[in-house]
Amino acid sequence: MSRVTLAQWQMLAAVVDHGGFARAAEAVHKSPSTLNHAVHKLEQQLGVKVLEPVGRQVRLTEAGEMLLRRARQLIEGAEALEDVAGRLAEGLEAEVVLSVDQIFPTGALAVALSRFSAAYPYVRVQLHETVLNGGIEMLYDGRADLAVSGLAAQGFLGEPLVTIRFVAVAHRDHELHALERELDLRDLQRHRQLVVRDSALRQSMDAGWLKAEQRWTVSHLETSIDMVRRCLGFAWLPETRIRGDLESGVLRPLPLSAGGIREVPMQMIFRDRDRAGPATHDMARALKEAVASECPSEA
C-alpha cells in the first residue's frame, strides 16, 4: 500500500496553486494547520523536502516540482474515475454500439463522434460500418444500440436523418462516355458494374439495377469508388463521397435517359429508445447536429 494518501497530494497541490497555506485552507475548507500537518507528514514519509520558505510564502523545491507534476496525474485520474463511477450509478452505459451504413457522410460521422468523445471520453464506442441489411440485422439481433440505415426495420420506428443522393458515374475516359450520346440500360449491360455486397449474414439483398453482363461485387464502398476512379467500371455512388471527383472532372455522371439519379432517405433507429441510456441518446443527438452542420442541403 502507498504510504502517501491521495488526499495529501491534493492538499499539497492546493497549497501550491493558491500560493500558501492560508489561501489554500479557505479554498478547500480545511484549517491551515491541517494542511501544514498533511504536507509535513508527506515529507516525512517520502524522506524528501517538497516545500521551502520564501519570506512569508512557500514554494516547491526542485524535487517537489517533479513529484507534484506526477502527483497531478494521479489526482486527475482519481477525479475522472469518480466521475465515471457517478455516471455509471446514474445509468450511463459503459459502451455504445453504433451501426452506420457506409453511404452515410463520413464528415458528419467524424464530427458526431468528436462531439460525443468530448462529452463522454470514457464511454467505449463500437462502430460497425454496414451495407444494406447489415445494420438492420444488428438491430434484430440486439447487437446494436443505435443504427443509421437507408432501409426500414420491421417493428422499429425510425427518425429521418439525411437523404443521400446517388449518381451513376464512370471515369471520364470510360467507354460509355466515348459514345457521346444519351445512354439507356442496354448500353450499361455491355459494361462492368461495380456494386457493394450486403453485409447482412442471413437475409442479404441486392439493391439497384444489377443487369450488367459483367459485375464485380466488393465489400466496402471505398473500394467501389477507388475502382471507378481507376476506370474499372461504372457505379451509382453517393454524391457526398465523390463531389471532389465530379468537380475536377475525374468522374463524370453517365448521361442516362432515366435513372441516373437515386435518392435514399436515411433514418436513425434505436434498438429500444425507452431503455437507451444517456450516452446512446447523446450519440443520436450528436448525429443529428452533425448532419445539420455538415450536410445542410441533404438534411
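**Group meeting: rings, helices and a buried loop residue**

Let's start with a charge and a ring. Arg192 lies over the face of Trp216, 3.8 Å from the ring centre. There is a second case. Arg262 sits over the face of Trp236, at 3.9 Å from the ring centre. Keep in mind that this is a predicted model.

Now to rings that pair with rings. How many aromatic pairs are there? The count comes to 3 aromatic pairs. Take one of them, Tyr140 with Phe156. Their ring centres are 5.9 Å apart. Their planes meet at 40°, so the pair is tilted.

Where do the two partners sit? Tyr140 is in helix 6, residues 133–140. Phe156 is in the loop between strand 5 (146–149) and strand 6 (158–171). The two residues are 16 residues apart, and the pair links distant parts of the chain. Are they buried, exposed or in between? Tyr140 has 40% relative accessibility, so it counts as partly exposed. Phe156 has a relative accessible area of 21%, and is partly exposed too. The cut-off for buried is under 20%.

Stay with helix 6. Here 7 of the 8 residues are buried, so the helix is largely enclosed by the rest of the structure. The buried ones are Asn133, Gly134, Gly135, Ile136, Glu137, Met138 and Leu139. What covers them? The cover includes strand 3 (95–101), strand 4 (124–130), strand 5 and strand 11 (261–270). Just after the helix comes Gly142, with a positive phi of about 75°.

Next, two helices that meet. Two packed helices are described by the angle and the distance between their axes. Helix 1 spans residues 6–18, and helix 2 spans residues 21–28. Their axes come within 8 Å and cross at roughly 115°. The crossing is right-handed. Which residues make the contact? From helix 1, we have Ala14, Val15 and His18. From helix 2, we have Phe21, Arg23, Ala24, Ala27 and Val28. Sorted by class, that contact has 6 nonpolar, 1 polar and 1 charged residues.

Last stop, Thr61. Thr61 lies in the loop between strand 2 (57–60) and helix 4 (62–89). Is Thr61 buried or exposed? Its relative accessibility is 11%, so Thr61 counts as buried. What does Thr61 touch, leaving out residues up to four places away in sequence? Thr61 touches Lys49, Val50, Leu51 and Glu52.

Conventions. Residues are numbered from 1 along each chain as its sequence is written. This is a predicted model: local features need pLDDT of at least 70, side-chain atom pairs count only at pLDDT 80 or more; totals for chains, interfaces and linings use all residues. Side-chain values use heavy atoms; hydrogens and water are left out. Axes are lines fitted to C-alpha atoms, for helices over the stretch in contact, and angles run from 0 to 180 degrees between N-to-C directions. Helices (H or I, at least four residues) and strands (E, at least two) are DSSP runs, numbered from the N terminus. A crossing is left-handed if the near helix is turned anticlockwise from the far one by less than a right angle, and right-handed if clockwise. Contact means heavy atoms within 4.5 Å. Ala, Val, Leu, Ile, Met, Phe, Trp, Tyr, Cys and Pro count as nonpolar, Asp, Glu, Lys and Arg as charged, and the others, Gly among them, as polar. Rings of Phe, Tyr and Trp (its six-membered ring) pair if their centres lie within 6.5 Å; planes under 30 degrees apart count as stacked, over 60 as edge-to-face and the rest as tilted. Buried means under 20% relative accessible area, exposed over 50%, partly exposed in between (1.4 Å probe, protein chains only). A charge sits over a ring if NZ of Lys or CZ of Arg is within 6 Å of the ring centre and within 35 degrees of the ring normal.
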